[in-house]
Amino acid sequence: AVIILPIAEEIIFRGYLLNAFLQNGYKKATAILLATLIFASVHVFFGPGFILYIILWALIPTFLYLKFKSLYPAMLFHVLNNIVAYLILPSL
């Protein structure tokens, strides 16, 4: 949940899904929205109230991926987020 899962999610949702939408002629905003909504739907087990947060949060790694044209910044951000969420915050 802290290292492997965020890397896999970035590969799937930003590396594959977002690019698939873009390569199939979707406008950038539409591709971002669709990939983000699908990403958020996978996290629905956190609760319906958390979905809006996930949608907004998912825009950050998407922006990093598009800006740097690399999954590595998005992966790093996602891993750091999960370290805080799963290791640091519960220990406080």
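The model is predicted, and local features need pLDDT of at least 70, side-chain atom pairs count only at pLDDT 80 or more, while totals for chains, interfaces and linings use all residues. Residues are numbered from 1 along each chain as its sequence is written, and side-chain values use heavy atoms, with hydrogens and water left out.

**Nonpolar patch**
- Phe45, Phe46, Phe50, Tyr53, Val84, Tyr86, Leu87, Ile88, Leu89 and Leu92 form a nonpolar patch on the surface, and together they have about 1,000 Å² of accessible area (Shrake-Rupley method, 1.4 Å probe, only the protein chains shown counting as cover).
- Patch residues have over 30% relative accessible area and no salt bridge, and nonpolar side chains (Val, Leu, Ile, Met, Phe, Trp, Tyr) are joined within 5 Å, like charges within 9 Å.
- Helix H4 (residues 71–91) gives the largest share of this patch, 5 residues, where helices are DSSP runs (H or I) of at least four residues, numbered from the N terminus.

**Largest pocket**
- The largest pocket is lined by 17 residues, of which His43, Phe46, Asn81, Asn82 and Tyr86 lie nearest its centre.
- A pocket is an open set of points on a 1 Å grid over the protein atoms alone, where a 1.4 Å probe fits, with protein on both sides within 12 Å along at least five of seven lines, and lining residues have an atom within 4 Å of a point.
- H4 provides the largest share of the lining of the largest pocket, 5 residues.

**Side-chain contacts**
- The rings of phenylalanine 13 and phenylalanine 39 have centres 5.2 Å apart and planes at 85°, so the pair is edge-to-face (centres within 6.5 Å, planes over 60 degrees apart).
- This pair links distant parts of the chain, with phenylalanine 13 in helix H1 and phenylalanine 39 in helix H2, 26 residues apart.
- Glutamate 10 forms a salt bridge with arginine 14, their closest N and O atoms being 2.8 Å apart (a side-chain nitrogen of Lys or Arg within 4 Å of a carboxyl oxygen of Asp or Glu).
- Glutamate 10 and arginine 14 are separated by about one helical turn, because they are 4 residues apart in helix H1.

Note on methods: Helices (H or I, at least four residues) and strands (E, at least two) are DSSP runs, numbered from the N terminus. Rings of Phe, Tyr and Trp (its six-membered ring) pair if their centres lie within 6.5 Å; planes under 30 degrees apart count as stacked, over 60 as edge-to-face and the rest as tilted.
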